[in-house]
Amino acid sequence: MQVLKDDVRNSIHEAALIEFHEKGFKDASMRSIAEKGGMTVGNLYRYFTNKEDLFYSVISPAYHKVIDLTNEKFVEMGGLKDIRQVMAYIANQIVMINREHRRELLILMSGCEGTKFEHAIEEITNLVENKFKNQIFPQLRGHDVVIRDEFFAHVLAVSQVEGIKAILKHYEDEDKIKGLVQQYLHYHFHDIRNRFISFDLRKQTVS
């Protein structure tokens, strides 16, 4: 396939982003993308086999950056011993990804029906859940915390992912996003060990 010139590639990418952001994957059309990009449909098909091929090309970079961030081993950054450092790092990374790929993120959140990214949010949630089970819960148990049901990891993961989604959808301002993400993560994790233990103590007192 002929190598795309930078200006043509950029035109197609921008046109596709606008179309997928406005309509989602299912209702977007290659004809409309071609018109937005100032080219014929035939010329667009010279470079992308179909709508799916174009969608994956546009969305994949943002998807992989989110997956890479979710897969990072935050326990190696200090874990529960320096949770503020971890929260600040996560917030900074989210801001950077949002700065570069805001529309792609919004499409991932709500415009992927009918694509292989359709369950991206569930996939990210599962990764966060595994992080609780495999990294955070073992540290808590090492500090005398009783985890009564592993399903609690799923509940916490859903809450985190949906909360950050809500922040990204509601705000574009980077300072707002960074501040709210840090505050939200602080709400989840600050003094988490003692909150678990105090719950158990109250439960024992009531019993």
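H188 is in contact with L156, S159, Q160 and R195, leaving aside its neighbours within four places in sequence; contact means heavy atoms within 4.5 Å. H188 lies in helix α8 (residues 174–189) of a predicted model, in which local features need pLDDT of at least 70, side-chain atom pairs count only at pLDDT 80 or more, and totals for chains, interfaces and linings use all residues. Residues are numbered from 1 along each chain as its sequence is written, and side-chain values use heavy atoms, with hydrogens and water left out.

**H188**

- At 11% relative accessibility, H188 counts as buried, where buried means under 20% relative accessible area, exposed over 50%, and partly exposed in between (1.4 Å probe, protein chains only).
- The side chains of H188 and S159 are joined by a polar contact of 3.2 Å.
- A polar contact is a pair of N or O atoms within 3.5 Å; within protein, one must be able to donate a hydrogen and the other to accept it, and residues adjacent in sequence count only if both atoms are side-chain atoms.

- H101 is found in helix α5 and is buried, with a relative accessible area of 7%.
- A polar contact of 3.2 Å links the side chains of H101 and K65.
- Not counting residues up to four places away in sequence, H101 touches P61, A62 and K65.
- N98 also belongs to helix α5 and is buried at a relative accessible area of 4%.
- N98 touches L105, L168, E172 and I177, again not counting residues up to four places away in sequence.

**Overall fold**

- The chain has nine helices and zero strands; helices (H or I, at least four residues) and strands (E, at least two) are DSSP runs, numbered from the N terminus.
- Of the 207 residues of the chain, 43% count as buried.
- Among contacts between residues at least 6 apart in sequence, 70% join residues at least 24 apart.
- The chain exposes about 11900 Å², of which carbon and sulfur atoms supply 51%; the areas come from the Shrake-Rupley method with a 1.4 Å probe, and for residues only the protein chains shown count as cover.

**Nonpolar core**

- The largest nonpolar core has 63 residues, and F20, L54 and L108 have the most contacts inside it.
- The largest share of this core, 13 residues, comes from helix α5 (residues 83–110).
- Such a core is a set of buried Ala, Val, Leu, Ile, Met, Phe, Trp, Tyr and Cys residues joined through side-chain atoms within 4.5 Å.
- Leaving aside its neighbours within four places in sequence, L54 is in contact with I12, A16, F20, M30, I33 and F48.

**Helix α1**

- Buried residues of α1 include I12, A16, F20 and F25, and their cover includes α2 (30–36), α3 (41–47), α4 (51–71) and α5.

**D144**

- D144 lies in the loop between α6 (120–141) and α7 (151–170) and counts as exposed at 63% relative accessibility.
- Phi of D144 is near 70°, a positive value in a residue other than glycine.
- Most residues other than glycine have a negative phi.
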